[in-house]
Amino acid sequence: MLFLQQIINGLSVGSVYALIALGYTMVYGIIKLINFAHGEVMMAGAYFAFVVAISSRFPFPIVLFISMVMAAIVGIVIEKLAYKPLRNAPRISALITAIGVSLFLQNLTLVIFKADPKIMPVLIEKKPINIGSLQIGTVTLTTLILAIVFMVILDVFIKKTKPGKAMRAVSEDKDASVLMGINVNKTISITFAIGSALGALGGVLYGITYTQVYPTMGIMPGLKAFVAAVLGGIGLIPGAVLGGFVIGMIETISKAYISSQWSDAIVFGLLIVVLLFKPTGILGKNEKEKV
């Protein structure tokens with residue numbers, strides 16, 4: 001029964017990583033950029049929820065919606081100001097810029113909110129749900145359900161809607177998409193908006209789970225989500241979801257049965273193993289790239 005409990009906890013943690021990893025993989029799939037500022041967008045989403053929650057009596061769904069919309073706007077602004085001017089520059093330039101944006105957002109938050117952690121208001125009533133001898137927290141259950149719902153919505157959006165099909169086309173061939181009349185700039189902005197909104201969802205759920213928000217809270221979840229995206233196959237949406245759940249399971253089980261001090265080392269060690277034996281990830285395919 002303890003193992004089953006850890007499986008449920010792992011799925012909950014993994015769903016947060018999967019939501020954040022989707023932002024990494026969507027942006028990479030469109031413009032081949034590793035957006036290392038994505039963890040800070042997740043952090044911004046958590047702070048937006050914190051500010052709205054303490055300044056109003058809005059219920060959780062409205063707080064979540066506002067934080068996701070605000071994070072989407074942040075994502076669009078970052079893309080327009082920091083990444084769009086470097087779209088034709090060497091990839092190393094965009095990568096360095098992403099790290100710079102990450103540090104800027106961290107320090108901006110530090111100036112505004114100071115370094116001390118803020119206590120996230122109770123947005124979800126914490127009641128244990130007992131199923132026999134198995135106990136599931138309402139936060140855990142809510143996290144898992146919301147993550148699955150939004151992943152399904154994203155899948156339908158990508159496959160069935162016109163903007164989603166445009167995103168797939170730009171991912172396949174940007175130049176051909178322009179010739180077909182697709183607005184590439186608009187499509188890239190939509191991608192950043194969706195990825196940032198999902199990152200904010202992950203940030204809000206992370207803040208509720210651990211009851212705190214602070215300027216550097218996005219660093220470790222962001223890195224683990226990046227590992228999840230690479231593990232599943234960077235640029236592939238199903239790969240990000242799979243990688244997120246795998247990382248969450250490995251982290252939770254290693255904490256329960258090995259050592260909480262070694263869990264992070266095990267997760268990042270897994271990245272090294274994957275890069276050594278299957279650099280394209282679990283679902284990735286080898287592709288030749290023209291230089």
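Colleague: What volume does the largest cavity have?

Modeller: Rolling a probe the size of a water molecule over the atoms shows where empty space is left. Here the largest cavity has a volume of about 40 Å³. A cavity is a set of points, on a 1 Å grid over the protein atoms alone, where a 1.4 Å probe fits but cannot get out. Points are joined across faces, edges and corners, and the volume is the space filled by probe spheres set on them. Please note that this is a predicted model, in which local features need pLDDT of at least 70 and side-chain atom pairs count only at pLDDT 80 or more, while totals for chains, interfaces and linings use all residues. Residues are numbered from 1 along each chain as its sequence is written, and side-chain values use heavy atoms, leaving out hydrogens and water.

Colleague: Which residues line the largest cavity?

Modeller: Lining residues have an atom within 4 Å of a point. For the largest cavity they are Gly23, Tyr24, Val27, Asn35, His38, Thr191, Phe192, Gly195 and Ser196. Ala, Val, Leu, Ile, Met, Phe, Trp, Tyr, Cys and Pro count as nonpolar, Asp, Glu, Lys and Arg as charged, and the others, Gly among them, as polar.

Colleague: How many cavities of 30 Å³ or more are there?

Modeller: The count comes to 2.

Colleague: What is the volume of the second largest pocket?

Modeller: A pocket is an open set of points with protein on both sides within 12 Å along at least five of seven lines. The second largest pocket has a volume of about 350 Å³. Of its 21 lining residues, Ser12, Val13, Thr140, Thr209 and Tyr210 are the closest to its centre. The largest share of the lining, 6 residues, comes from α1. By class there are 8 nonpolar, 9 polar and 4 charged residues.

Colleague: At what angle do the axes of α6 and α8 cross?

Modeller: Axes are lines fitted to C-alpha atoms, for helices over the stretch in contact, and angles run from 0 to 180 degrees between N-to-C directions. The axes of α6 (residues 162-172) and α8 (residues 184-210) come within 10 Å and cross at roughly 105 degrees. The two helices are therefore roughly perpendicular, a label for 65 to 115 degrees; under 35 counts as roughly parallel, over 145 as roughly antiparallel and the rest as oblique.

Colleague: Which residues of α6 and α8 meet?

Modeller: Contact means heavy atoms within 4.5 Å. Pro163, Ala166, Met167 and Val170 in α6 meet Val184, Thr187, Ile190, Thr191 and Ile194 in α8. These residues divide into 7 nonpolar, 2 polar and no charged.

Colleague: How many helices and strands does the protein have?

Modeller: There are 11 helices and 4 strands; helices (H or I, at least four residues) and strands (E, at least two) are DSSP runs, numbered from the N terminus.
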